[in-house]
Amino acid sequence: MVFVTANHDPRIESINVKLGEDSVDQWDYLNKPFTKSEIIQKSRNFLALWNLKEQQSIKDQQLKELNNLLSDHERKNMLAAISRGVSHEFGNILQQIIGKAELSVNKSEAGMKEALNKILDASQKASDILQRFKNMTENHQSTSEKELVNVNELIKGTIDLMEHQFKVHQVKVCVIKNDPVFVNADPTALMQVFVNLFINASHAMVGAGQVDVSLINKADGQSLIVIRDYGPGVKSEEIEKVFEPLYTTKGEKGTGLGLPICREIIEIEHRGHLTLKNHPDKGLMVEILLPTQGVKDVAS
Amino acid sequence: MSQVDLLLPILVVDDDAMVRDIVIEYLNSFGFQNVIEAKTSVEALKMIQSHQQNIGLVLSDWDMPTPTGLDLLKSFKSNSIRQGAKFIMITSQKSVERIKIAQAASFGVDAYIVKPFRAHTLKEKIWNVMGWTKGDDNSKAG
């Protein structure tokens with residue numbers, strides 16, 4: 001809308017007060033007398049602005065959709081990485097079961113008994129892996145259901161599940177501090193964070209490496225989880241950038257969504273904090289702070 | 001088709017001890033008397049490159065820390081002392097590893113076998129790549 005006004009009195013401020021701040025970009029004014037070309041000029045300006053805004057909003061919408069699609073893709077990528085490891089382990093375990101059974105058929109009773117025990121061990125291992133895998137994938141992307149979670153067990157389960165990845169990347173995982181840590185959390189989401197951080201840590205190191213995990217029960221009612229690698233760390237000017245969606249330091253290997261998702265899960269879904277620090281000696285430390293939950297009730 | 005050679009030196013490479021033991025036990029049950037093993041791919045690479053080590057057939061796991069099964073295959077097939085020797089790759093999944101299998105094929109893998117496999121499958125693959133006539137052996141299983 002363009003107001004046509006005869007005097008200079010109704011100034012921008014007074015019109016603004018009348019129409020409200022929100023509509024500031026929806027009106028303009030023309031002082032009488034005005035020429036034809038002035039009207040055309042004003043109209044053109046308005047149309048251009050309007051088109052620009054329309055385009056912007058379409059772009060925003062597209063970007064949002066793309067982001068959703070990509071974070072879904074990232075979750076699927078993570079799942080695919082775990083699946084490959086699980087599949088490899090299952091191949092080996094089934095090979096043990098089939099091989100032991102087949103080879104012991106013609107053996108003595110003692111030989112068969114030994115084989116049966118090995119088969120039972122292998123079956124148990126398969127069942128454990130399957131359980132952990134199910135824990136990770138079930139309720140996937142559903143509304144986060146929070147429950148009392150023993151982070152020590154969750155971390156151990158994640159490390160076991162990723163055994164194959166660690167082996168392939170020649171990464172040794174050391175739990176250097178293991179206070180009993182209980183938090184109120186969505187275990188699936190939390191596990192996703194750990195998987196992501198472990199994958200990042202493995203990728204950060206060329207050749208053999210080590211990842212240190214510390215679980216610390218702080219006196220101030222917070223739990224601190226630290227995952228440290230021995231890679232080159234992150235340049236100080238990049239340390240906040242890595243949380244920006246689509247920013248990646250890993251070239252084609254990265255989607256630039258791992259850390260933003262981790263931060264979203266920790267800070268928005270769990271009201272905690274996720275920060276990165278370079279270790280004074282070597283490597284990157286990811287620190288996760290979460291409110292401790294009912295330790296005294298459960299830890300006994 | 002040639003005669004079955006139970007003295008064929010076979011190198012078994014798998015960093016999973018249980019699986020390696022089973023493959024070796026299978027080979028023994030077929031009657032092979034010259035089975036050698038490598039506990040890691042690093043050890044295997046040394047054996048493959050060593051002129052002292054006689055190898056007629058390699059059975060190698062794919063998924064190992066570097067050098068991977070593919071690295072072993074490349075080294076094996078490009079080594080003039082290994083001319084005529086065969087290489088069978090053991091993988092854990094077929095569908096997801098199609099690209100890998102294609103890669104292996106381009107480096108001259110003689111056969112691949114998907115875990116888990118039964119004795120008769122392993123035997124068939126070996127007999128096939130060695131060009132042996134089926135059924136003219138004296139193995140105990142298979």
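**Entry 1**

I began with Lys77(B), which at 32% relative accessibility counts as partly exposed. I took buried as under 20% relative accessible area, exposed as over 50% and partly exposed as in between, with a 1.4 Å probe and protein chains only. The model is predicted, so local features need pLDDT of at least 70 and side-chain atom pairs count only at pLDDT 80 or more, while totals for chains, interfaces and linings use all residues; side-chain values use heavy atoms, with hydrogens and water left out. Residues are numbered from 1 along each chain as its sequence is written, and chains are lettered from A and ligands numbered from 1 in the order in which they are written.

I found that Lys77(B) forms a salt bridge with Asp110(B), with 2.8 Å between the closest N and O atoms. The salt-bridge rule asks for a side-chain nitrogen of Lys or Arg within 4 Å of a carboxyl oxygen of Asp or Glu. Lys77(B) lies in helix H3 (residues 69-77) of chain B and Asp110(B) in the loop between helix H4 (98-106) and E5, so the pair ties together parts that are 33 residues apart in sequence. Helices (H or I, at least four residues) and strands (E, at least two) are DSSP runs numbered from the N terminus. Asp110(B) is also partly exposed, at 29%.

**Entry 2: Asp61(B) and Lys115(B)**

I next looked up the salt bridge of Asp61(B) with Lys115(B), at 3.3 Å from N to O. Asp61(B) belongs to strand E3 (residues 57-61) of chain B and Lys115(B) to the loop between strand E5 (111-114) and helix H5 (119-130), so the pair ties together parts 54 residues apart in sequence. Both Asp61(B) and Lys115(B) are buried. Over all chains, the structure holds 13 salt bridges.

**Entry 3: Arg263(A) and Glu267(A)**

Arg263(A) is buried at 18% relative accessibility, whereas Glu267(A) is partly exposed at 27%.

**Entry 4: Asp179(A)**

I located Asp179(A) in the loop between strand E4 (171-178) and strand E5 (182-185) of chain A. Asp179(A) is buried, with a relative accessible area of 19%. Leaving out residues up to four places away in sequence, Asp179(A) touches Asn152(A), Leu215(A), Ile216(A) and Asn217(A); contact means heavy atoms within 4.5 Å.

**Entry 5: the interface**

I counted 19 residues of chain A in contact with 20 residues of chain B. The area buried between the chains is about 1,900 Å², of which carbon and sulfur atoms give 57%. Gln95(A), Glu102(A) and Leu103(A) supply 30% of the area that chain A buries against chain B, more than any other three residues. Buried area here is the accessible area (1.4 Å probe) that two parts lose on being put together, summed over both.

The rule finds three salt bridges across this interface. I noted Arg118(B) with Glu102(A), at 2.9 Å from N to O. Helix H2 (36-104) and helix H5 (163-168) of chain A each supply at least two residues of the side that touches chain B. The largest share of that side, 13 residues, comes from H2(A).
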